[in-house]
Amino acid sequence: MRVVIFNRSVTMRARFLLFCVLLTAQALPVLAFGAREDPVAQAEELIEQNRFNDAATLLREVVRRQPERFDEAEALFRRIRQVRGRYNDLWQELIFILENEPDNVERAFRVIAEMETIDDAPSAEAVAEFQQWRNIVVLRFNLDSFEQINAEASQAIRDARYVDALLTYREGLGLFREEFESLPYADDLGPRAFEIEVELSVAAETLGSLAVSLQAAVERYVDAISVEQIDEESVSTAVSEVRNRLTDYFEAEIRLAALGSELIELGQEASRRRAMNDPDPYLTFTAWFAFGRTAAGGREGLFGAARAIANEQIGLIFASGPPDARERVAVADGYIAERVFDVASSAWRESATAFRALDDILSALDAWETFRSQEVPDLSRAAVETRAGERAVFRFGTESSATTAELTELWADVSMTYTGTEDDLDSWSSVAQSYRDALEVRDRFRGFSEMRTEADGRADDIAEISVRSIEQMVEDIAELDREILANLFENRFAEYSPRYDELVERQESAEVIAFVGVDAETPGNIPDRAVAPPEDDTEDLLLFRYPDIASERMNAVLAESEALEEDLQTTQDLFDEANEPVRTDTDVQDARGRIDELLRRLRGLQADVRIAIEDADERFAESLLLQDEVVATLNDAESLVENDPDSAQTLFDFASDMLVESLDLRQDPVFRSEMDNRLAALGSEIQEARFRIIIVEVRDMIEEGRRLYRQDSFGDAESVLIEARERWNSVNDEENTEVQFWLRLTQSALNLQGDRDLTETDPLFRPLAGYLSLAFDAFERAQAAREAGNEAQSEQLLSRAEDNIQAVVSARPFNQEARVLSLRIARLNSPDEFPAIFEQRYQQALSRAEVDPLSALNDLYDLQEINPDFPGMTQSIERLEIAAGIREPPVDQTALNRSTQLVNQARQVWQRGVRETAERAQGLLQEALELNPENRNAISLLDQVRLDLGSTTAATLSTTGLQQLRQAENLYLDGSIGRAIVIVERLWQEEDNRRYSPLSDLRNRLLGQ
């Protein structure tokens, strides 16, 4: 039918083309009609050149323009018509060939070639038509070639000559390539299409070679699996070779499929670029040779032949393997029934080998899964999927055969060695385990009857035979004596209990090492057993902790406890799996109870160990983190020593605290030694840098304090001088005598001022201020009443004022406002006698100057407010201020001279360049300043000597000392004063430690100083 349709279409097309040629014979292209040449002669010349179209065009123009030359033109037209007659005859011959001799391609090409030679300059329409006819003829030829090649290859596939089919299909590659190369899209699509054609040819050759290798491997497998006694190594080698050959073959198939898919995509792209979206012949025919036609269902083409090869070899594998494996199962069961266990074991293992080989080969077929993602025609896994149930059977056969073989082999050993005495205890555990496994396997094999639905019952016979064999062995195993199990429980408990006790002891020891601490400097001195906590009289000793070592030991304890747990659990399982008489025996149940209790305590220990490990690991990790922080902080401190020693000191102190915390968590002797050296060096460097700055700062503060003191700004002066003292004491363990001198003067003045003045910060300010206000108000009103002559009212008001004054002085005896107001009231009451009263009080104050200079000074201050010009008042007050310690004493000439001498002497001593002489010079200069606080030479030289001597405090303690100091501080904060004093006094015994200010500060607090 297809050929008839094709011929009919060719006939219609040929007649249409002939019709078009006849119509256009009179409408040929027009040539230029020149005036200088004879057009008739020119037309004749064109006819001689076979340029008939051009000649006819020129002659028609002659007839139109020169009708008198019609005869000449007609004669030439007759010659053209003669040629055209031959042209039409050739058309008719071509149509006849296409209708009646479609296979005579050679004759058709000769006719077309002769038609093309008739006119050396045919029209564009004629050229196109010639090409279309040529394409029709080529298509017809190529279609016939494809049909012939495909028929020959298909017959080869039906005859199982698959390699011949591959090579036959390969010969057809390249049809229509010449025509394809002339198409406009060939430049774009052609390079890859031609590469694919070559690769398809190579793939066909490769598959043919691989098919031969696969066939040889399958033959060797069949030989290895079919012998009477299977050699597992030989089967394994054969299976491995089959798998490898299958894998190689499938990879080649996958490559072939990929090439075909890519070719189809190129064909689709070409179709989109062609008129009417018709398919490109070259790409279509090449794809057919790769995959076959769609209607063939994958049974044609290179891929169809390749797949037939694989199916054939796979079929050979499974034609012999499964029956042989099932037959071996039946043989093994017969040996079990005869209780020939050693031979039965070998038979079961041969069965397992056979089933395993089949399963291994099936797994190699998973390569077909790759085709699921390929968009190629009809490449299903039907051949493999039909064996899904077979695969389940093979895997079950492998498992059941191997398991039964293992149980049979074990029972063969037991049946030959079992004596029924305690000598069997060592083998009982494995026997009981096998008994449990046998029961579990038996039940599982019974349940395998579900395979009937999936595999048509092909596994039922295997399951039934396996269950029957296993049940025979179960009955024999169940007959083992109850006494053996009871003895086993007793022996196991006697073995496991000491192991548990040792684990508890080791856990306690590890926790002491990690958390309580031991009096040991190095891990090598840590005992393996628990260390008792220190006694009361040694609690002040520094304890070292090793959480990392403890974690290792506790992990070892945990691992051994898990092994013990497994042993205990296994022992419990023996009871659960024993037969009923054994489980109900009283002795066995009692022994089982002891095992249960030991297991419960062991699991409690494991929980504690895991928590302790987590805590120890956290301590270890935290200690490492702190070590990193210490090093980083000390690095920062070192970078700040020169420019900002105070900040460096702050970082240094912070690093020291972190270091102590790290060492409290974990003893690290290497890090401790490193930090001892580094802290000592860096601390001294920071301290000296701070000392140089503090010398200058303290000197400025002393000068500022003196200035404020002399301006009677005692509060501000005290603040400045206290700061100076603190700055000085931060780098010296001895007080600065200058600071102390001026601070003593300032504080004395400030105390006196505080006693006399009522400030808002005084807790009694509001009530006392109220009393003062009432007293002043009553006094002023009394003065007014006295001036108005109202004596009685004045006395009454003065009495009220005195009552309020008494309320103030009873709380603040030296309050100046109240005492001065009291004097004014006395002067108002006795104006005539008041001078004598004033004189008397003045003398009384002077009489107390030696005994109570502060009281006398307060009286003089009050009297000075009433009469500042009283003779001798100013001199008396100055003397009393010096005596009370609130004014620096005057310096006489003798003191000035002596102070100068001491400075000169100190300079001479200091220049000797020895520390002892520098300390002597410092003492002389301090003495010089006591004689003359204004001696600037002494002040300048003293600062230089102090810079030479350097700081007198210790920069830090050893890391051990820092830890002990931290321990003492914690005890002090907890109220354990006595234990803290013991630690501090022990540290205090070392001379260098006494210069460490935090230690001396804590000691002073502890001793109440």
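Predicted model: local features only at pLDDT ≥ 70, side-chain atom pairs only at ≥ 80, totals over all residues.
Arg936 has a relative accessible area of 42%, so Arg936 counts as partly exposed, a class that runs between buried, under 20% relative accessible area, and exposed, over 50%, with a 1.4 Å probe and protein chains only. Residues are numbered from 1 along each chain as its sequence is written, and side-chain values use heavy atoms, with hydrogens and water left out.

Let me stay with Arg936 and its partner. The side chain of Arg936 meets that of Glu703 in a salt bridge, at 3.1 Å from N to O, where the term requires a side-chain nitrogen of Lys or Arg within 4 Å of a carboxyl oxygen of Asp or Glu. Because Glu703 lies in helix α24 (residues 669–710) and Arg936 in helix α35 (residues 936–949), the pair ties together parts that are 233 residues apart in sequence. When I say helix, I mean a DSSP run of H or I with at least four residues, and a strand would be a run of E with at least two, the elements being numbered from the N terminus. Glu703, for its part, is partly exposed, with a relative accessible area of 26%.

Helix α24 takes part in a further pairing. Arg699 forms a salt bridge with Glu738, with the closest N and O atoms 2.6 Å apart, and since Arg699 lies in helix α24 and Glu738 in helix α26, this pair ties together parts that are 39 residues apart in sequence. Are these two residues, Glu738 and Arg699, buried or exposed? Both Glu738 and Arg699 are buried.

The next pair brings in helix α22. Glu562 forms a salt bridge with Arg610, the closest N and O atoms being 3.4 Å apart; Glu562 sits in helix α20 (residues 547–577) and Arg610 in helix α22, so parts 48 residues apart in sequence are tied together. Glu562 counts as partly exposed at 36% relative accessibility, and Arg610 is likewise partly exposed, with a relative accessible area of 40%.

As background, side chains of opposite charge can pair when their charged atoms come close. A search of the whole structure finds 34 salt bridges, and there is also a network of them that links Arg192, Glu195, Glu199, Arg255 and Glu262.

Which residues form the negative surface patch? The patch is made up of Glu614, Asp615, Asp617, Glu618, Glu622, Asp653, Asp657 and Glu661, and the rule behind it takes residues with over 30% relative accessible area and no salt bridge, joining like charges within 9 Å. Helices α22 (586–640) and α23 (645–665) each supply at least two of the patch residues, and the largest share, five residues, comes from α22. Glu614 is in helix α22, and at 47% relative accessibility Glu614 counts as partly exposed. Ala632 is also found in helix α22 and is partly exposed, with a relative accessible area of 36%; from Ala632 to Leu651 the separation is 19 residues in sequence and 10.0 Å in space, C-alpha to C-alpha.

For the interior, I have picked out two residues. Leu752, in helix α26 (residues 737–756), is buried at 5% relative accessibility. Leaving aside neighbours within four places in sequence, Leu752 is in contact, meaning heavy atoms within 4.5 Å, with Leu854, Leu857, Asn858, Tyr861 and Ile886. Leu752 and Phe814 are 62 residues apart in sequence, yet 8.7 Å apart in space, C-alpha to C-alpha. Thr168, placed in helix α7 (residues 162–171), counts as buried at 8% relative accessibility, and, with neighbours within four places in sequence again left aside, Thr168 is in contact with Ile149, Glu152 and Ala153.

Let me end with the chain as a whole. Its secondary structure comes to 38 helices and zero strands, and of its 1009 residues, 45% count as buried. The accessible surface, computed by the Shrake-Rupley method with a 1.4 Å probe, comes to about 50,200 Å², of which 48% belongs to carbon and sulfur atoms. Finally, among contacts between residues at least 6 apart in sequence, 74% join residues at least 24 apart.

Key:
Patch = residues over 30% accessible without salt bridge, like charges linked within 9 Å, V, L, I, M, F, W, Y side chains within 5 Å. Lys, Arg positive; Asp, Glu negative; His and termini not counted. Charge placed at Lys NZ, Arg CZ, Asp CG, Glu CD.
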